[in-house]
2 protein chains.
Amino acid sequence: MSAVHLSSHEEYARLIDQYDTWMFDCDGVLWHGDRLIPGATEVLSLLRGKKKKVIFVTNNATKSRKSYKGKFDNLGVEASVVRPLFNTTAGGRFSNFTIRQDEIYGSAYAAAVYISSVMKLPKNKKVYVIGQSGLEEELRDEGISFVGGTDPADCTVSPFSLESFTLDPDVGAVVCGLDTAINYTKVSKAFQYLTRNPGCQFIATNEDSTYPAAHGLLPGAGAISAPLRYALGKDPIAIGKPAKTMLDCIKAKVHFDPKRTIMVGDRLNTDILFGQAGGVSTLLVLTGITLASEISGPNPSLIVPDYVTSSIADLAVVSK
Amino acid sequence: MSAVHLSSHEEYARLIDQYDTWMFDCDGVLWHGDRLIPGATEVLSLLRGKKKKVIFVTNNATKSRKSYKGKFDNLGVEASVVRPLFNTTAGGRFSNFTIRQDEIYGSAYAAAVYISSVMKLPKNKKVYVIGQSGLEEELRDEGISFVGGTDPADCTVSPFSLESFTLDPDVGAVVCGLDTAINYTKVSKAFQYLTRNPGCQFIATNEDSTYPAAHGLLPGAGAISAPLRYALGKDPIAIGKPAKTMLDCIKAKVHFDPKRTIMVGDRLNTDILFGQAGGVSTLLVLTGITLASEISGPNPSLIVPDYVTSSIADLAVVSK
């Protein structure tokens, strides 16, 4: 099976008719860093106008859903038409266009839900965090105690000594997301918990090798958990795309028919795999990581999306 | 083939007769952190007395050979009988027992020799260092220019921004050793050089997953290069044991007959593999990482040394 390359008005119109629930990756699909992809807003409005359910599925664990909503608002992404008279969302803005927090699924949120609802970490236990404030915020919202993270004592390049380290027996999990303050103290403490606290779980918000920053690629969350993975000789439980955990987290909150759902993304090994694992259809856009040559070149990827189009903006033709 | 478990006076005497060159790993064989293994000194003296060539082969890249010699001296390891009248070694001490720098082979030294002699990095090029002062010292001694390393500008947990980063086109290699000041800035800079400077080489001093610190295990040099390995999807050129590069480096300086050479170590996947790859005999001691059960338990390792003994001190029986 090869991917269907969409191009005509009819094909885009049929695609929109066919799916009720639209799951979007964000970076590389809707924007690049702080720059919106032209036409993305128009397409989201078009889907809203046709009463489609729209949700955003991001692996970025440095932001909580709340701070993600702030980013959407600042960029002017029109993701939810909430008219003043019908606005019953606590966090909603009284404007023609806004986005609700419950439309955003981030890997930090999914990790927190996994720890409280799937792993069922006892209330007297806590998590050692390698990650930033967005991850801490989601843990706090789920009522999970944690240490590490943005604690200044752990954000240091001073030498780490086991002699002055006290193992906290209540640490029952290490959760690891993108952390630009990563250092030897954090890795060493996490390593102690994972090797010396019986049953301590190793969780990664996501395993992206890189991420597209505003001025180029930088090492991603998978690179942050890599030292522990290597030292332990063991892979973490990964939460974000393509892992099923993220889908389970969405399913617990949103009702959707997989047959009438489509995942739109720019990465084959996260977004498209994620959609396929969840039994939904997939649309690859070429505005991000994946190049056209990976789909139709001489050595195509083994991961084949259902549909391909150059940009999400192509769907706007339907509204014209 | 299973390993020969040595126990009798005759077996130890025969072993000593059989080998002229004795290669020793240090940590877990001669000492644990700063504590000498009782009897190790006596055995080294015994081998010296019998005119054996003794060399030390360590993966620890945080120390230069010079600082390693300091550690030997402080611990009182008697590795070279240099009598005052015959002392022609520049660095030698006028005492009955001392060690020469040229008896020590560390992965930092071997990495520097590899860069200058095998890779032949042009003199106008430089290396980006993830590592400590011992590695910098060995690079300096080989006349290799470098940036990064212990430079305070790179030893920070402040956010890294590509916008304020200038790619140095002269960086032709990234060399990565154990670095307890590892952080996101170092990993990100190294990642830029390895992805944007054409032909830039990725070198690791060694790939040990952990190392035995004075009070327990800590993440090793392999954990420090792991983020780059993961972000790049590519393994580094590894220099230390078990890689052949370390042996080539020794061969360039020391003449030895592999048939009459033995490697003594405590790790199967570094020391013993290293000896086997180099075609020399191997002796496993059980004072370090490898447990007796890994050799003679129900699921023995596939890496089988020629000989096993509980401690290097067992050989001292020959002098009695």
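The legends below describe close-up views of a predicted model.

**View 1. Helices α4 and α5 of chain B cross at roughly 35°.**
Two packed helices are described by the angle between their axes and the distance between the axes. Here the pair is α4(B), residues 107-118, and α5(B), residues 133-141, and their axes come within 8 Å. The crossing of α4(B) and α5(B) is right-handed. On the α4(B) side, the residues in contact are Ala108(B), Tyr109(B), Ala112(B) and Ile115(B). They meet Gly134(B), Leu135(B), Glu138(B) and Leu139(B) of α5(B). By class, the residues of this contact are 6 nonpolar, 1 polar and 1 charged.

**View 2. The largest cavity has a volume of about 130 Å³.**
The count of cavities of 30 Å³ or more comes to 1. The largest cavity is lined by 14 residues. Closest to its centre are Ile182(A), Val187(A) and Pro227(A) from chain A, with Ile182(B) and Pro227(B) from chain B. Helices α6 (184-196) and α7 (221-232) of chain A, and α6 (184-196) and α7 (221-232) of chain B, each give two or more residues to the lining. The lining has 13 nonpolar residues, 1 polar residue and no charged ones.

**View 3. Met246(B) sits in helix α8 of chain B.**
This helix covers residues 244-251. Is Met246(B) buried or exposed? Met246(B) has a relative accessible area of 0%, so it counts as buried. Its contacts, leaving out residues up to four places away in sequence, include Val57(B), Thr58(B) and Asn59(B). Among the others are Tyr105(B), Gly106(B), Ser107(B) and Ala110(B). Met246(B) also touches Ile239(B), Gly240(B), Lys241(B) and Phe274(B).

**View 4. The largest pocket has a volume of about 870 Å³.**
Its lining is made up of 41 residues. Nearest the centre lie Asn60(A), Leu178(A), Tyr211(A), Pro212(A) and Ala213(A). Two or more lining residues come from each of α3 (65-75), β13 (210-213) and α9 (268-277) of chain A. Strand β13(A) gives the most, with 4 residues. The lining divides into 17 nonpolar, 13 polar and 11 charged residues.

**View 5. The second largest pocket holds about 760 Å³ of space.**
This pocket is lined by 36 residues, and those nearest its centre are Asp27(B), Asn60(B), Tyr211(B), Pro212(B) and Ala213(B). In chain B, α3 (65-75), β13 (210-213) and α9 (268-277) each supply at least two lining residues. The largest share, 4 residues, comes from β13(B). The lining has 13 nonpolar, 12 polar and 11 charged residues.

Most residues other than glycine have a negative phi, and most peptide bonds are trans. In chain A, a cis peptide bond joins Lys241(A) and Pro242(A), with omega about 5°. Pro242(A) lies in the loop between β15 (237-238) and α8 (244-251) of chain A. In chain B, a cis bond joins Lys241(B) and Pro242(B), with omega about 5°. Pro242(B) is in the loop between β15 (237-238) and α8 of chain B.

Lys51(A) has a positive phi, near 60°. Lys51(A) is in the loop between α2 (40-49) and β5 (53-58) of chain A, and with a relative accessible area of 74% it is exposed. Lys120(B), also not a glycine, has a positive phi of about 50°. Lys120(B) lies in the loop between α4 and β9 (126-130) of chain B. Its relative accessibility is 58%, so Lys120(B) counts as exposed.

Note on methods: Residues are numbered from 1 along each chain as its sequence is written. Chains are lettered from A and ligands numbered from 1 in the order in which they are written. This is a predicted model: local features need pLDDT of at least 70, side-chain atom pairs count only at pLDDT 80 or more; totals for chains, interfaces and linings use all residues. Side-chain values use heavy atoms; hydrogens and water are left out. Axes are lines fitted to C-alpha atoms, for helices over the stretch in contact, and angles run from 0 to 180 degrees between N-to-C directions. A crossing is left-handed if the near helix is turned anticlockwise from the far one by less than a right angle, and right-handed if clockwise. Contact means heavy atoms within 4.5 Å. Ala, Val, Leu, Ile, Met, Phe, Trp, Tyr, Cys and Pro count as nonpolar, Asp, Glu, Lys and Arg as charged, and the others, Gly among them, as polar. On a 1 Å grid over the protein atoms alone, a cavity is a set of points where a 1.4 Å probe fits but cannot get out, and a pocket is an open set with protein on both sides within 12 Å along at least five of seven lines; lining residues have an atom within 4 Å of a point. Grid points are joined across faces, edges and corners, and a volume is the space filled by probe spheres set on the points. Buried means under 20% relative accessible area, exposed over 50%, partly exposed in between (1.4 Å probe, protein chains only).
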